[in-house]
Amino acid sequence: MKVLGVDPGLTRCGVGVVDGVAGRPLTMAGVGVVRTPADADIAHRLVLIERGIEQWLDEQRPDCVAVERVFSQHNVRTVMGTAQASAVAMLCAARRGLPVALHTPSEVKAAVTGSGRADKAQVGAMVTRLLRLDAPPKPADAADALALAICHIWRAPAVNRLQQAHAANRLQQAVAARARPAPAPVRRTPATAPGPRPGAPQKGTTR
């Protein structure tokens, strides 16, 4: 499996490609950063990010794309820019029919370092060790992108098994629903006029 990891950002969008399967040594196929000028308008910066990601997709031809799931922060402006860059990455992948996986920062940290609270230095050190690199990739956005790709490769088998289990369960429920006998139709009897009350005078008679 060849995965393109994307650590979204407007100024620096980290990208990293990892090749391999869970349980075996992984290989880095490429790593870098798509940069945009901070003084440019957002629309132009998003175009630059799209072009950069498209170039990586053309050159690396990954099997899927793993993107960091945007989570709430105190800086709303930063969140908006990250979300916009994330949407561009997902759009580029979907346009080519590539599956997209979203992973939270804590999921990535836990998968790579064993702790969901690891800092960037710890993530970079583990990425260097797992991919047998000479030094941690710089800047940290590039290392984070590789960590995303590693996380997806390791988590994909478990996620696939879970999805297959859910699909099988839904299929069993559908088959069981079809096998149930249809409820018998309710037979309605025609309404009849109520008879005279006991002791009530009959029509045409007097007491």
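**View 1. The salt bridge between Asp-141 and Arg-12 in the predicted model**. Asp-141 pairs with Arg-12 in a salt bridge whose closest N and O atoms are 2.8 Å apart. Because Asp-141 belongs to helix α5 (residues 140-179) and Arg-12 to strand β2 (residues 12-19), the pair ties together parts of the structure that are 129 residues apart in sequence. Asp-141 is buried, at 14% relative accessibility, whereas Arg-12 is partly exposed, with a relative accessible area of 36%.

**View 2. The salt bridge between Glu-107 and Arg-155**. In this pair the closest N and O atoms of Glu-107 and Arg-155 are 3.8 Å apart. Glu-107 is found in helix α3 (residues 105-113) and Arg-155 in helix α5, so their contact ties together parts that are 48 residues apart in sequence. Glu-107 is partly exposed, with a relative accessible area of 27%, and Arg-155 also counts as partly exposed, at 30% relative accessibility.

**View 3. The salt bridge between Asp-144 and Lys-120**. The closest N and O atoms of Asp-144 and Lys-120 lie 2.5 Å apart. Asp-144 is buried, with a relative accessible area of 11%, whereas Lys-120 counts as exposed, at 52% relative accessibility.

**View 4. A network of salt bridges**. Glu-50, Glu-54 and Asp-58 are linked with Arg-95 and Arg-96 in a network of salt bridges. The structure as a whole holds 7 salt bridges.

Technical notes: Residues numbered from 1 in each chain as written. Predicted model: local features only at pLDDT ≥ 70, side-chain atom pairs only at ≥ 80, totals over all residues. Heavy atoms only, no water. Salt bridge = Lys/Arg side-chain N within 4 Å of Asp/Glu carboxyl O. Helix = DSSP H or I, 4+ residues; strand = E, 2+ residues; numbered from the N terminus. Buried < 20%, exposed > 50% of the residue type's maximum accessible area, 1.4 Å probe, protein only.
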